[in-house]
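Let's take a walk through this structure together. Have a look at it first, and then we'll go through it piece by piece.

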Amino acid sequence: GKEVFQDVEVNTDEEPMVFKAQLFALTGVQPERQKVMLKGAILDQSWDKVKVKDGMMMMMMGTKDEDMPTQPVEKTRFVEDMDESELSKAMDMPAGLTNLGNTCYMNATVQCLKSVPELRTALTKYSGNLQLGGGDDAGNMTAALRDCYTTMDKGATVPPMILLQVLHMAFPRFAERGEQGGYQQQDANECWMEVLRMLQAKTNATEGSTKANAIDQFFGIECSSETKCNEAPEEAPSKTVEKFLQFSCYIDKDVKYLHTGLKNRLTEVIQKRSPTLDRDTDYTKTMAINRLPGYMTIQMVRFHFKQKEAVNAKVLKDIKFPVMLDMFDMCSTELQDKLRPVRAEFKAYEDWLVEQTVTKKGKNRTETEKAEREAQDNAEHEDYWFSDDIGSNNSGYYVLQAVLTHKGRSSNSGHYVGWVRQKGDIWLKCDDDDVSPVHEEDVLKLSGGGDWHTAYLLLYGPRKLPKARGQKELESSTPAAAEGDKMETN
């Protein structure tokens, strides 16, 4: 349309597709629909035929998606007659992400984080622009992720080339290439953590929050720790407050369930120098959670470095994880006391649900539980945070909403996939550009034990208490529920 874009950065060390991705961000024309020309030469897979100089003018011709002529109306097809790909399209599947060569670790991370609406809101409010070639890596990452999600909302498969370029500029190790010249596989957990750390620098917390940024507000875990010397009990223990963006689940021969691995994380034996004994000795470090975030990220510690083979070998053991997670007994006494009132409301709500199975003819427990799950998506909810800490969790209850899995024997090989809860017990398998519906039962089978996809990162969101839920029943049940919770705790 004769529109001119000035001062467009071009890096001829990168493939032309990266430049076309920048043009896509500027114009909305998909890279495969672009025809880039300079003095009669057309840019294809390399820069060989196009010699670029500072300040020169290039021409790009192409058509935006929305400007393409509409297709003729197709004949109506019934669900029973559709194959899997047609069914996915009919169910309004969200956008997938193109694998740009061993970039599944990044694609899976982006899909899982996209399930946090508060993060999406914080990104939308960020007003900074991409400055490729500039020095503000955190700003570029925040803008690139924001723009990537905006493009994904349109529904078509997205080639995340700008996001990948920003990631490579900020962390050159992610741009390492193998012997064949292609990108090497990277660790998804490293990518997840690096992205969150960069968002810490640029996202703002919501109004009224005491936290510095949206990441600390919705993902930040705070623990009190006490370290005691085993051989010198008279030595004063050291006490500190530690902050994390994810909770680790350590796996050993005795761990079969997620809860056990999380509890083990709270007590560990470390070695350090004792001022009393004047030598290195064992200390026992115990932790308790002082602050639960709205969204709990859990890393299954499945990789350990093998010196001889120089690889991060994988622990394949089957570790069961629940849909509903309760973190109450991992919290400090002070936090437990703060959690009890809302837990009592949840207990009353559960009692009310059970009563519905009796009063409503033909309704069984399974149907009631399903209705409760759907209420998590559709009903109006009470705030899930404490009034003095927006973005925290005020009950200790969580609902599984995303799983990032790894298939293979080493973190620097194999394949990563994101699994995201869509609604109720329907989930989405986000395997790069292939997004397909799966049942919750299939997600729970990703617990390990073989060479199939194994849960590596778990993302739990807050369990929400619906507002309209039979107030008379709640009022009559609350005192007993509160007493029951005390008995359970003791």
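A charge is said to sit over a ring if NZ of Lys or CZ of Arg is within 6 Å of the ring centre and within 35 degrees of the ring normal. Keep in mind that what you're looking at is a predicted model. With that rule in hand, take Lys338: its charged end sits over the ring of Phe386, 4.4 Å from the centre of that ring. There's also Arg173, which lies over the face of Phe174, at 4.8 Å from the ring centre.

Now for rings that meet other rings. A pair of aromatic rings is described by the distance of the centres and the angle of the planes. How many aromatic pairs does a search of the whole structure find? It turns up 9 of them. In one, the ring centres of Phe19 and Trp47 are 5.8 Å apart and the planes are at 50°, so this pair is tilted. Phe19 belongs to helix H1 (residues 16-27), while Trp47 is in the loop between strand E2 (41-42) and strand E3 (59-61), so the pair ties together parts that are 28 residues apart in sequence. Are these two residues buried or exposed? Phe19 is buried, with a relative accessible area of 6%, and Trp47 is buried too, at 11%.

Tyr384 and Trp385 make an edge-to-face pair, with 4.8 Å from centre to centre and 80° between the planes. Tyr384 is buried, with a relative accessible area of 6%, whereas Trp385 counts as partly exposed at 23%. Both belong to one aromatic cluster together with Phe219 and Tyr295.

Next, back to the strands. Strands of a sheet pair through backbone hydrogen bonds, either parallel or antiparallel. Here, an open sheet of 3 strands runs in the order E2-E1-E3, and its pairing is antiparallel. E2 and E3 stand at the edges with a single partner strand each, so one side of each has no neighbour in the sheet. Strand E1 (residues 35-38) is joined to E2 by 2 bridges, and Leu38 stands opposite Ala41 in E2.

The largest pocket has a volume of about 1,000 Å³. It is lined by 31 residues, and the closest to its centre are Glu3, Phe5, Met57, Met58 and Met60. Which elements give two or more residues to the lining of the largest pocket? They are H1 and E3, and H1 gives the most, with 4 residues. By class, the lining has 16 nonpolar, 7 polar and 8 charged residues.

Technical notes. Residues numbered from 1 in each chain as written. Predicted model: local features only at pLDDT ≥ 70, side-chain atom pairs only at ≥ 80, totals over all residues. Heavy atoms only, no water. Phe/Tyr/Trp six-rings, centres within 6.5 Å; stacked < 30°, edge-to-face > 60°. Buried < 20%, exposed > 50% of the residue type's maximum accessible area, 1.4 Å probe, protein only. Pairing = 2+ DSSP bridges. 1 Å grid on protein atoms, 1.4 Å probe; cavity = no way out; pocket = protein on both sides within 12 Å on 5 of 7 lines; lining within 4 Å. Points joined across faces, edges and corners; volume = space filled by probe spheres on them. Nonpolar A, V, L, I, M, F, W, Y, C, P; charged D, E, K, R; others polar.
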